[in-house]
There are 2 protein chains.
Amino acid sequence: MKEAQAVLSNPRSQADEVRALQDTIYVIGGKWRLPIINSICNGNRRFRDIERSIPGITTRMLSRELKEMELNGLVKRVEDPNSPMKVEYMSTEYCKSFGDIILEMIRWGKEHRRKIMKSRQK
Amino acid sequence: MKEAQAVLSNPRSQADEVRALQDTIYVIGGKWRLPIINSICNGNRRFRDIERSIPGITTRMLSRELKEMELNGLVKRVEDPNSPMKVEYMSTEYCKSFGDIILEMIRWGKEHRRKIMKSRQK
DNA sequence: CGGTATCCTGCTGGATACTG
DNA sequence: CAGTATCCAGCAGGATACCG
């Protein structure tokens, strides 16, 4: 089974991979984590800007996620001492480490939509 | 703002990207989809093999996901007419299209674990 | 082996209103 | 603008038992 040899890795490394996959899913779990990370990495810094950039999100969810993301070092919250109404959320290196995953997912989503469109035209 | 120019895309394409991202999240949502896809793409075909390859999953969740994945064309369920106890799940092209996403997530998970280990050693 | 059937809990997330 | 506070529903998911 030459093909199997090439495709399959040994059981041990496979177990590592499932675990790694599950870890990642855990960290970015939920509907909103990745879209928020994406938005901030795209340059949005203000609460309302982030909110507006993500269709369907509510202030409550955004608030909650941002708070937890700050705790986890995913974003930095910077409050202007002069006017507490001016807050900025900055992305961190940790935040940026999800870039490739997000890119792949965007790519997949676009491809997916293209295929749906095509099959509709028939 | 040359740097911003390079980093940021225009609003219209950004909106497309969020949408694509959200579509993808919707399709692979939940704890189990990707691990199951991964397992099957790794060559596991039998129910119990898939189950054993994914830590923490229950027969109920696996059963449910497989059923829905079959409906969505993510896997093909092949039943041996001679012995109904011999069933095989086969991956499809659609299933394989998640390969890159899974790869990136495994990569991230491994890197993440390495960093956790490192910071513990200090 | 390859699943179903029940029962149950909690958390994710939505709606809405309110605040400094 | 930048959030909090409440209230509430639904369903993802866990535990356990059972079946052909």
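Mentor: A salt bridge is a side-chain nitrogen of Lys or Arg within 4 Å of a carboxyl oxygen of Asp or Glu. Keep in mind that this is a predicted model.

Trainee: What makes B:K110 and A:E17 a salt bridge?

Mentor: The closest N and O atoms of B:K110 and A:E17 are 3.9 Å apart. The cut-off is 4 Å, so the pair counts as a salt bridge.

Trainee: How many salt bridges and polar contacts are counted between chain A and chain B?

Mentor: There are 4 salt bridges between chain A and chain B. The count of residue pairs in polar contact, both at pLDDT 80 or more, is 10.

Trainee: Which elements of chain A give two or more residues to the side that touches chain B?

Mentor: They are α2 (11-27), α3 (33-41) and α7 (99-121) of chain A. The largest share, 12 residues, comes from α2(A). By class, the side of chain A that touches chain B has 21 nonpolar, 12 polar and 9 charged residues.

Trainee: How is the size of an interface often given?

Mentor: It is often given as the accessible area lost when the parts come together. Here the area buried between chain A and chain B is about 3,700 Å², and carbon and sulfur atoms give 63% of it. In chain A, the residues that lose the most area to chain B are A:L21, A:M105 and A:W108, together 19% of what that side buries. The contact takes 42 residues from chain A and 41 residues from chain B.

Trainee: Now the DNA. Why is the pair formed by A:K31 and DNA strand C called a polar contact?

Mentor: A polar side-chain atom of A:K31 lies 2.7 Å from a phosphate oxygen of DNA strand C. The limit for a pair of N or O atoms is 3.5 Å, so this pair is a polar contact.

Trainee: What makes B:T59 and B:Y89 pass the test with DNA strand C?

Mentor: For B:T59, a polar side-chain atom lies 3.4 Å from a base oxygen of DNA strand C.

Trainee: Which element gives the most to the surface near DNA strand C?

Mentor: That is α5(B), with 4 residues. The residues of this surface divide into 7 nonpolar, 3 polar and 9 charged.

Trainee: How many residues surround DNA strand C, and which are the closest?

Mentor: 19 residues surround DNA strand C, the closest being A:R60, A:M85, B:R46, B:R48 and B:S63.

Technical notes
Residues numbered from 1 in each chain as written. Chains lettered and ligands numbered in written order. Predicted model: local features only at pLDDT ≥ 70, side-chain atom pairs only at ≥ 80, totals over all residues. Heavy atoms only, no water. Near = heavy atom within 4 Å. Polar contact = N/O pair within 3.5 Å; in protein donor to acceptor, adjacent residues only side chain to side chain. Nonpolar A, V, L, I, M, F, W, Y, C, P; charged D, E, K, R; others polar. Contact = heavy atoms within 4.5 Å. Buried area = accessible area lost by both parts, 1.4 Å probe.
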